[in-house]
Amino acid sequence: MGQTMGRIPYRKPPKKVVASAALIALLGGGAAYLSLDTVADFEGYVPEGYRDPVGIPTKCWGDTRNVTIGQEYSFEECSRSLNEHLYENALPVTRCVDDFDSLPDKTKAALVSMAYNIGPTAFCKSSVARYFNQGRKERGCRRIAEIYKTAKGQALPGLERRRAYESAMCLRGLQEGK
């Protein structure tokens with residue numbers, strides 16, 4: 001399946017992805033489903049290997065591991081990939097953010113969504129994680145909207161929308177306390 005330069009061949013997923021037991025155990029039910037839905041919505045569904053706007057080989061819902069450009073992936077393969085990759089990115093966040101387990105589900109989901117997108121190492125070294133560990137959670141939530149909105153120096157409107165959404169979800173979690 002071909003694609004034009006710079007265009008991603010998004011498709012509508014044939015059914016809803018369900019969070020795996022491992023992800024639910026790690027994040028709790030609500031946070032796991034919120035994270036999964038947020039990541040799936042922002043990453044978009046492309047069941048084949050392609051290059052993202054800055055040339056990174058990608059498949060399914062933004063997975064950059066073991067990608068073969070042009071290879072087709074089944075919905076089941078993509079769902080498994082999303083769950084595994086989300087778990088791999090969430091685990092370091094649960095360790096680098098003090099009291100992660102006590103955070104509201106929406107706040108957890110926002111942090112994990114950001115880590116999925118920028119990578120857990122970058123997230124754990126970020127000012128967002130630092131603010132949370134200093135007890136400045138509201139500032140940490142607001143900081144999400146201010147950083148990591150470019151890829152290889154290129155401003156991407158999709159990343160700007162994603163960071164604004166993650167920031168707002170993070171703050172809603174703190175305000176609702178759920």
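# Report on helix packing and selected residues

Arginine 162 touches Val39, Phe42, Glu43, Ser113, Tyr116 and Asn117, leaving out residues up to four places away in sequence; contact here means heavy atoms within 4.5 Å. Arginine 162 belongs to helix α8 (residues 157-176). Helices (H or I, at least four residues) and strands (E, at least two) are DSSP runs, numbered from the N terminus. With a relative accessibility of 2%, arginine 162 counts as buried. Buried means under 20% relative accessible area, exposed means over 50%, and partly exposed lies in between, for a 1.4 Å probe and protein chains only.

## Basis and confidence

This is a predicted model, in which local features need pLDDT of at least 70 and side-chain atom pairs count only at pLDDT 80 or more, while totals for chains, interfaces and linings use all residues. Residues are numbered from 1 along each chain as its sequence is written, and side-chain values use heavy atoms, with hydrogens and water left out.

The protein chain has a mean pLDDT of 93, and 96% of its residues reach 70 or more; pLDDT is the predictor's confidence in each residue, from 0 to 100. Over residues 1-5 the pLDDT is below 50, and this stretch has six contacts in the model beyond near neighbours in sequence. Where pLDDT is low, the predicted coordinates should not be read in detail.

Two packed helices are described by the angle between their axes and the distance between the axes. Axes are lines fitted to C-alpha atoms, for helices over the stretch in contact, and angles run from 0 to 180 degrees between N-to-C directions.

| Helix pair | Angle between axes | Distance between axes |
|---|---|---|
| α2 and α4 | about 40° | 8 Å |
| α2 and α3 | roughly 115° | within 11 Å |
| α2 and α8 | about 165° | 11 Å |

Helix α2 (residues 29-43) packs against α4 at an angle of about 40°, which makes α2 oblique to α4. Angles under 35 degrees count as roughly parallel, over 145 as roughly antiparallel, 65 to 115 as roughly perpendicular and the rest as oblique. The crossing of α2 with α4 is right-handed; a crossing is right-handed if the near helix is turned clockwise from the far one by less than a right angle, and left-handed if anticlockwise. On the α2 side, the contact involves Gly30, Ala31, Leu34, Ser35, Thr38, Val39 and Glu43, which meet Asp105, Lys106, Lys108, Ala109, Val112, Ser113, Tyr116 and Asn117 in α4. By class, the contact of α2 with α4 has six nonpolar, five polar and four charged residues. Ala, Val, Leu, Ile, Met, Phe, Trp, Tyr, Cys and Pro count as nonpolar, Asp, Glu, Lys and Arg as charged, and the others, Gly among them, as polar.

The axes of α2 and α3 cross at roughly 115°, which makes α2 roughly perpendicular to α3. This crossing of α2 and α3 is also right-handed. Ser35, Leu36, Val39 and Ala40 of α2 make the contact with Leu82, Asn83 and Leu86 of α3.

Between α2 and α8 the angle is about 165°, which makes α2 roughly antiparallel to α8. Helix α2 passes α8 in a right-handed crossing. Thr38, Val39, Phe42 and Glu43 of α2 are in contact with Arg161, Arg162, Tyr165 and Met169 of α8. The classes in the contact of α2 with α8 are four nonpolar, one polar and three charged residues.

Aspartate 98 lies in the loop between α3 (75-96) and α4 (105-118) and is partly exposed, with a relative accessible area of 42%. The C-alpha atoms of aspartate 98 and phenylalanine 132 are 7.3 Å apart, although 34 residues separate the two along the chain. Aspartate 99 is found in the loop between α3 and α4 and is exposed, at 56% relative accessible area. Its phi is near 55°, a positive value in a residue other than glycine.

Asparagine 66, in the loop between β2 (57-60) and α3, has a positive phi of about 50° although it is not a glycine. Asparagine 66 is exposed, with a relative accessible area of 70%.

Proline 57 is placed in strand β2 and counts as partly exposed at 29% relative accessibility. Leaving aside neighbours within four places in sequence, proline 57 is in contact with Tyr50, Arg51, Asp63, Thr64, Val67 and Ile69. From proline 57 to glycine 30 the C-alpha separation is 31 Å, and the two are 27 residues apart in sequence.
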